[in-house]
Amino acid sequence: MLCIPPDAGKRDFVMEKIIINGGRPLRGTIEVSGAKNAAVPIILATLLINDKCTIENVPSISDVSLCMEILSTMGCKVRMLSKNTVEIDSRPAEGGLSPYELVRKMRGSYYLVGAELGRYGKAYVGLPGGCDFGVRPIDQHIKGFKALGASVSVEGGYIDARAEKLTGSSIYFDTVTVGGTINVILAAVRAKGNTVIENAAREPHIVDLANFLNSCGAKISGAGTDVIKIKGVDRLYGSTYAIIPDMIEAGTYMCAAAATRGHLRITNVIPKHLESISAKLEEMGVTIIENDDSVEVCHADDLHRVNIKTLPYPGFPTDMNPQIGVLLCLAKGVSCLTEGIFDNRFRYVEELKRMGANIKVDGSTAIIEGGTQLSAAPVKAVDLRAGVAMVIAGLCARGRTEIEDIHYIERGYDDIVGKLRSVGADIKKVIIPDPVSFEKAN
Ligand code: EPZ
């Protein structure tokens, strides 16, 4: 019997798992939360605002909690007004104080560089962490900062950027980059003069950031197209702003409905943002009914095979690769899934094979043999979206699936266990003694 010392901390010597008894169709209504990839940059962008801001529809996920902890450590006054509404006053903040150990826990922390540069004319921020899909360079971010007049060096694990005065400029990105586009907007919005970003990313969360900053007095136009224009302003004023719904969370539950042969109504969505996902699911035989702010998803009697390539928005999102990969295992026939954004987004395949998947990965393409009846197995979440793909697989597999390393999933999904239980899933989160960490500590 493992005896955990009475003084063990809440998190010591335990591990959290998700347990699923699969085979139950999902039926009912799920409400989508605010978008993780919009909330992170918008919360960090409050560093640029000489006032209090109130941000609504903020998802309760660990990446957002981490952003608030980092801002608090920098001196910001962060106050939760409700479960999903936060008030941030960054006037007391000091630059260069973001804690290295917190910053390295996520990818989006690198927006602190653009925000600190935009506010102080200098930035000193640890290199980001985040999900590992192969090389994730920041050369285009640095290219943008240098074009605005900053000198940038990366050493000792930190990004060190300085500029006498940031000056508007033209930047042409060599590759479409969401992070690079967001970081240059943050650095340019209070720069002297005008900035033009060409070959910009067009994701809805970039439009959301621009709309938030414009509500604070910024002058940004063209967000959502590949040319974004920014007229620098001297100061920005507080506002109240609601984050857009999370299109990837919505797409995840759409796949879960199809995989479990269920029928879900998914509310608080912007159907336009889901177009590429809905189109592929309909091509597979799934019925999608679009309403103003919701979609209904009804399973197909037989799922058809399809070919998919992930592309920048409005193409099929890379963040839906693992989730659709599970669905393609169930379709009749052989499908081809090509990853067009990251070097290695197929890390989930090895875990899915433990459940009986028949997938061959060759470089950026996975050949998926359909007609598989997935069977339960102990598996791990190897990154955020890979983890949620294991949830979908567990929901449609025969037997009891146990998923470890669920902290990845909790980075981007607000109450996923509660939401799935509410539509009939037999799913729970358990906390159990972790013999490995206990052995290590003794
Ligand atoms: C953002 O990552 C998202 N993360 C990712 O979501 C998402 O998958 C990705 O955009 C694409 O949509 C956050 O918003 C925190 P990129 P980011 O810069 O900014 C290359 C999730 O699951 N590149 O658009 O890191 C890069 O290697 C996460 O929610 C350069 O070459 O992605 C990649 O091949 C995962 N140089 C491509 O561009 C650079 O300077 C797209 O990367 C920057 C990027």
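Predicted model: local features only at pLDDT ≥ 70, side-chain atom pairs only at ≥ 80, totals over all residues.
User: Let's start with α5 and α6. At what angle do their axes cross?
Analyst: Roughly 25 degrees, and the axes come within 8 Å. Here α5 covers residues 139–147 and α6 covers 178–188.

User: So is that roughly parallel or roughly antiparallel?
Analyst: Roughly parallel, because angles under 35 degrees count that way. The crossing of α5 past α6 is right-handed.

User: Which residues make the contact?
Analyst: From α5 you have H141, G144 and F145, and from α6 there are G179, G180, N183, V184 and A187. Sorted by class, this contact has three nonpolar and five polar residues, with no charged ones.

User: Switching to the sheet. What's the strand order?
Analyst: β9-β10-β12-β11, an open sheet of four strands with mixed pairing.

User: Which strands stand at the edges?
Analyst: β9 (170–172) and β11 (219–221). Each has a single partner strand, so one side of each has no neighbour in the sheet. From one strand to the next, the twist averages 10 degrees.

User: And how many bridges join β10 to β12?
Analyst: Five, and the two strands run antiparallel. β10 is residues 194–198 and β12 is 227–231. One of the bridges pairs N194 with K231 of β12.

User: Which of the strands does α6 touch?
Analyst: β9, β10, β11 and β12, as α6 packs on the sheet. The direction of α6 makes about 175 degrees with that of β10.

User: OK, other helices. How do α8 and α12 cross?
Analyst: Their axes come within 9 Å and cross at roughly 25 degrees, with α8 at 247–259 and α12 at 384–396. That makes α8 roughly parallel to α12. The crossing is right-handed.

User: What meets what there?
Analyst: On the α8 side, I248, T252, C255, A256 and A259; on the α12 side, R385, V388, I392, L395 and C396. By class, the contact of α8 with α12 has eight nonpolar residues, one polar and one charged.

User: Last one, D405. Where does it lie?
Analyst: In the loop between β22 (400–404) and α13 (407–410).

User: How accessible is D405?
Analyst: D405 has 30% relative accessibility, so it counts as partly exposed.

Technical notes:
Residues numbered from 1 in each chain as written. Heavy atoms only, no water. Axes fitted to C-alpha atoms, helices over the stretch in contact; angles between N-to-C directions. Parallel < 35°, antiparallel > 145°, perpendicular 65-115°, else oblique. Left-handed = near helix turned anticlockwise from the far one by under 90°. Contact = heavy atoms within 4.5 Å. Nonpolar A, V, L, I, M, F, W, Y, C, P; charged D, E, K, R; others polar. Pairing = 2+ DSSP bridges. Buried < 20%, exposed > 50% of the residue type's maximum accessible area, 1.4 Å probe, protein only.
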